[in-house]
Amino acid sequence: MNFNKLSNKSKGIAFIILSAFGFAMMSAFVKMSGDLPSLQKTFFRNIISLVVAFILILTYKSSFLGKKENQKILISRSFLGTIGIILNFYSIDKLVLSDANMLNKLSPFFVIIFSYLFLSEKINIKQILSIIIAFIGALFIIKPSINSEVIPAIIGLLGGVSAAAAYTCVRALSGKENPDTIVFYFSLFSSIITLPLMLISYKSMETLQFTYLILAGIFASLGQFGITFAYKYAPAREISIFDYSNIIFSALISLCLFGILPDYLSVIGYIVIFLASLYMFIFNND
């Protein structure tokens with residue numbers, strides 16, 4: 001098959017599925033790296049993306065730090081994105097892989113809320129309904145109870161909220177900054193912030209753990225740039241639903257590598273959240 005002969009929408013779908021696979025593999029290697037501090041995992045995840053973005057900026061002669069008037073938004077995106085990754089990595093360590101990733105995939109629904117609050121984008125009854133349905137689905141995964149077991153799920157949910165806030169900043173930067181610049185700025189900021197914190201809580205690693213973290217960074221870059229190219233070829237409303245292939249990849253990886261499958265309540269939650277996303281996808285393409 002000649003990739004260049006594909007329609008832009010087909011290219012977008014191919015890249016977003018590739019991105020979903022990249023992020024699923026990233027999560028798997030983060031989990032396989034074992035009992036290491038989340039800050040340490042975050043640093044190694046971002047230092048690889050930093051190198052990749054640096055090479056791309058040199059290649060295409062983009063800006064490293066962006067325009068002066070966009071600094072506040074770039075810093076906000078980077079800070080919120082860093083918090084989101086730390087919380088997501090913590091939940092990946094403590095939860096079934098597909099549970100952690102599905103909670104993180106709630107971020108599109110929070111983007112709707114934040115875009116309404118901070119970007120003055122209109123919100124309608126169909127979007128409100130989809131948010132309510134998605135939240136009900138999240139409850140099946142979180143399984144609220146009065147004990148400490150619910151904490152990792154709540155942290156995973158907060159990771160999705162932080163990611164949504166970061167994506168809202170990316171929306172605000174749309175057309176104002178090159179995607180390579182946004183990725184580089186975020187990776188540089190996150191690496192600088194997490195380095196001293198990582199050194200305070202640093203745990204020595206075996207060669208295999210170090211290898212897993214490097215692989216996590218490589219696959220994170222695949223995911224990050226895959227989704228960047230996906231939205232270059234097609235708008236989010238046409239292809240975003242395919243990002244949920246991440247959950248299929250995560251469940252298969254979780255079964256193959258860890259011998260663990262999500263329980264039936266989590267599966268119900270996945271279905272409910274997916275249906276809410278499908279509803280939004282159909283609505284956006286009417």
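This is a predicted model: local features need pLDDT of at least 70, side-chain atom pairs count only at pLDDT 80 or more; totals for chains, interfaces and linings use all residues.
**Entry 1**

I started with Phe29, which is buried at a relative accessible area of 11%. For burial I used under 20% relative accessible area as buried, over 50% as exposed and the range in between as partly exposed, with a 1.4 Å probe and protein chains only. Residues are numbered from 1 along each chain as its sequence is written, and side-chain values use heavy atoms, with hydrogens and water left out.

Next I counted aromatic pairs and found 11 in the structure. Rings of Phe, Tyr and Trp (its six-membered ring) pair if their centres lie within 6.5 Å; planes under 30 degrees apart are stacked, over 60 edge-to-face, and the rest tilted. Phe29 and Phe219 are stacked, because their ring centres are 5.7 Å apart and their planes stand at 20 degrees. Phe29 belongs to helix H1 (residues 8-32) and Phe219 to helix H9 (residues 207-233), so this pair ties together parts 190 residues apart in sequence. Helices here are DSSP runs (H or I, at least four residues), as are strands (E, at least two), numbered from the N terminus. Phe219 is buried as well, at 18% relative accessibility.

I then looked at Phe43 and Phe44, whose ring centres are 5.6 Å apart with planes at 90 degrees, so I logged the pair as edge-to-face. Phe43 is buried at 12%, and Phe44 is buried at 10%.

Which residues form one aromatic cluster with Phe29? I found Phe21, Tyr212, Phe219 and Phe249 in it alongside Phe29.

**Entry 1: a charge over a ring**

I checked Arg77 and found its charged end over the ring of Phe186, 4.3 Å from the centre. My test was NZ of Lys or CZ of Arg within 6 Å of the ring centre and within 35 degrees of the ring normal.

**Entry 2: helix H8**

Where does H8 bend? I found a bend of about 35 degrees at Thr194, with the proline Pro196 following within four residues. The bend is the angle between axes fitted to the seven residues ending at a residue and the seven starting there.

At the start of H8, I noted a side-chain oxygen of Asn178 within 2.8 Å of the backbone nitrogen of Asp180. Pro179 lies in H8 and is partly exposed, at 39%. Its C-alpha atom is 18 Å from that of Ile239, 60 residues apart along the chain.

Leu208 is in H9 and is partly exposed at 49%. I found its C-alpha atom 7.7 Å from that of Ser33, though they are 175 residues apart along the chain. Ala230 is also found in H9; I have it as buried, at 0%.

The 14 residues of H11 (residues 245-258) should span 20 Å, and I found the end C-alpha atoms 19 Å apart, which agrees. Its buried residues include Ile247, Ala251 and Ile253. Just after H11, Gly259 takes a positive phi of about 65 degrees.

Lys61 has a positive phi of about 55 degrees although it is not a glycine. Most residues other than glycine have a negative phi. I placed Lys61 in the loop between helix H2 (38-60) and helix H3 (71-94). Is Lys61 buried or exposed? At 73% relative accessibility, Lys61 is exposed.

**Entry 3: the record**

Last, I looked up UniProt: an unreviewed entry there places "domain: EamA" at residues 11-142 and 153-281. Such annotations may be inferred rather than shown by experiment; the positions are in the numbering used here, and feature names are shortened. Over residues 11-142 I found the chain 81% helix and 0% strand, with end C-alpha atoms 35 Å apart.

Conventions:
A polar contact is a pair of N or O atoms within 3.5 Å; within protein, one must be able to donate a hydrogen and the other to accept it, and residues adjacent in sequence count only if both atoms are side-chain atoms. The expected span of a helix is 1.5 Å times one less than its number of residues.
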